[in-house]
Amino acid sequence: PNPPRGSGRLTSSLGMIGAGGMLLLGKGKYILGALKLTKFASLGSMLLTVGAYTAFFGLPYAVGMTSLILIHESGHALVMKKLGIPFSPMVFIPFMGAAVAMKQRPKDA
């Protein structure tokens with residue numbers, strides 16, 4: 001039998017987006033939690049982000065966007081280092097950005 005009208009690339013893409021969304025919502029916190037425990041947290045989460053962006057927008061966009069986020073977050077890390085504030089490794093979160101957390105509060109704001 002022929003597939004119903006309207007099925008095809010659009011339906012397949014929507015299915016992939018839904019499945020990916022469910023994976024990120026359901027298992028994503030465990031994946032990111034596991035990445036935080038390794039020495040390669042930044043690299044692993046960066047590669048995960050590049051892979052996620054590549055799936056939707058292509059490799060050139062993925063590398064460019066991830067690089068921009070890396071440069072931005074590196075600015076935060078450099079300022080924390082200059083001020084003597086210990087910080088955690090950079091963790092990338094696909095489609096949301098990245099974070100560098102302070103391990104302790106600064107002495108004076």
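Author: We will go from the chain as a whole to one helix, and then to a group of aromatic rings.

Author: First, some ground rules: this is a predicted model, in which local features need pLDDT of at least 70 and side-chain atom pairs count only at pLDDT 80 or more, while totals for chains, interfaces and linings use all residues. Residues are numbered from 1 along each chain as its sequence is written, and side-chain values use heavy atoms, with hydrogens and water left out.

Reader: How many helices and strands are in the chain?

Author: Helices (H or I, at least four residues) and strands (E, at least two) are DSSP runs, numbered from the N terminus. Here the chain has four helices and two strands, in the order α-α-α-α-β-β from the N terminus on.

Reader: What share of the residues in the chain is buried?

Author: Buried means under 20% relative accessible area, exposed over 50%, and partly exposed in between, with a 1.4 Å probe and protein chains only. Of the 109 residues in the chain, 22% are buried.

Reader: What span should helix H4 have?

Author: The expected span of a helix is 1.5 Å times one less than its number of residues. Helix H4 (residues 59-82) has 24 residues and should therefore span 34 Å, which agrees with the 34 Å between its end C-alpha atoms.

Reader: Which residues of H4 are buried?

Author: An α-helix has 3.6 residues a turn, so residues three or four places apart point the same way. In H4 the buried residues are Ala62, Thr66, Ile69, Glu73, Ala77 and Met80. They pack against H3, S1 and S2, where contact means heavy atoms within 4.5 Å. After H4 comes Gly84, with a positive phi near 75 degrees.

Reader: Now the rings, please. How many aromatic pairs are there?

Author: A pair of aromatic rings is described by the distance of the centres and the angle of the planes. Rings of Phe, Tyr and Trp (its six-membered ring) pair if their centres lie within 6.5 Å; planes under 30 degrees apart count as stacked, over 60 as edge-to-face and the rest as tilted. By this rule there are six aromatic pairs. In one of them, Tyr53 and Tyr61 have ring centres 6.1 Å apart and planes at 75 degrees, so the pair is edge-to-face. Tyr53 and Phe95 also form an edge-to-face pair, 5.0 Å centre to centre with 75 degrees between the planes. This pair links distant parts of the chain, since Tyr53 is in helix H3 and Phe95 in the loop between S1 and S2, 42 residues apart. Ring pairs join Tyr53, Phe56, Phe57, Tyr61 and Phe95 into a cluster.

Reader: Is Tyr53 buried or exposed?

Author: Tyr53 counts as buried because its relative accessibility is 8%. Tyr61, with a relative accessible area of 38%, is partly exposed, and Phe95 is partly exposed, also with 38%. Phe56, found in helix H3 (residues 41-57), is partly exposed at 44% relative accessibility.
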